[in-house]
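Let's explore this protein together, one question at a time. Have a look at the sequence and the structure first.

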Amino acid sequence: MNEILANRDGDLLTISLNRPAKKNAITRAMYAELVRLLRGAAGDFGIRVVVIKGEGPDFTAGNDIFDFIAAPPTGPESEGFQFLHELHNFPKPIIAIVQGNAIGIGTTMLLHCDVVLATPTAKFSMPFVSLGLVPEAGSSYLFPALVGYQRAAQIFLTGESFGVDEARQMGLVMIVANDAFEQGMAMAKKIAAQPPTAVINTKALLKSRSHDAISAVMQVEGELFRLALQSEEAMEAFMKFTSKRGSE
């Protein structure tokens, strides 16, 4: 599909969100393709590193809200939750390169990436509560662990966004540079040149302390997320959001 681009260059796989006219908002079909690509890369020993990026001025605006409302996730087999599962369990290094808006899952997916680079235009937001929902992708565990409980609570409960400099201070982003893409690809090639089994085992060790705990949190988040989708609060928030979008 042309809304997800995959480019294999030797031992590197670059996955690009390619829907710039919609700020790379992700549909169910796009999630399904992301799942297919990640599963394939996990099983292909020739792929050493995956790079995730967005085409155009934005990384991603998160879920396509209209596609999301038309067919909300009903269980762990839903495409979006399958993507999060694959991301959490992916055995090889993932490098993300972010520019512009990274909203919702556009921010939470970064918590599962091994290195995140961003341009100075990057802006982050996790407005789940603002939409009557709860955090996903294990972010209710990973984000407080990264930034501290009070800052995480402030961001989640207010829905406020934050810029790239704060993201770097938090540790969400490692490098901020105008040439983030070039630096990210150079880093990917450097990692790919390392002994591959040692890389895979080292990532597993780095993740081992919290992997099972995050899996358990993701399961609870998913259940609460699906329940929240059926609530009056969420319906009112979505109606407000879509009416605002329609008037723009």
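Q: Which side chain of opposite charge is nearest to K92, and how far away is it?
A: Keep in mind that this is a predicted model. K92 sits in the loop between helix 3 (79–89) and strand 4 (94–98), and K92 is buried. A salt bridge needs the charged atoms within 4 Å, but K92 has none. The nearest side chain of opposite charge is D44, at 5.7 Å.

Q: Which backbone oxygen atoms does the side chain of K92 reach, and at what distances?
A: Polar contacts are pairs of N or O atoms within 3.5 Å, so let's look for such pairs here. A polar atom of the K92 side chain lies 2.8 Å from the backbone oxygen of I47. The K92 side chain also reaches the backbone oxygen of A41, at 2.7 Å.

Q: Is S161 buried, partly exposed or exposed?
A: You can find S161 in the loop between helix 6 (149–158) and strand 8 (162–163). Buried means under 20% relative accessible area and exposed means over 50%. The relative accessibility of S161 is 33%, so S161 counts as partly exposed.

Q: Which residues does S161 contact, leaving aside neighbours within four places in sequence?
A: The C-alpha atom of S161 is 8.2 Å from that of P127, although the two residues are 34 residues apart along the chain. Leaving aside those sequence neighbours, the contacts of S161 are K123, F124 and S125.

Technical notes
Residues numbered from 1 in each chain as written. Predicted model: local features only at pLDDT ≥ 70, side-chain atom pairs only at ≥ 80, totals over all residues. Heavy atoms only, no water. Helix = DSSP H or I, 4+ residues; strand = E, 2+ residues; numbered from the N terminus. Buried < 20%, exposed > 50% of the residue type's maximum accessible area, 1.4 Å probe, protein only. Lys, Arg positive; Asp, Glu negative; His and termini not counted. Polar contact = N/O pair within 3.5 Å; in protein donor to acceptor, adjacent residues only side chain to side chain. Contact = heavy atoms within 4.5 Å.
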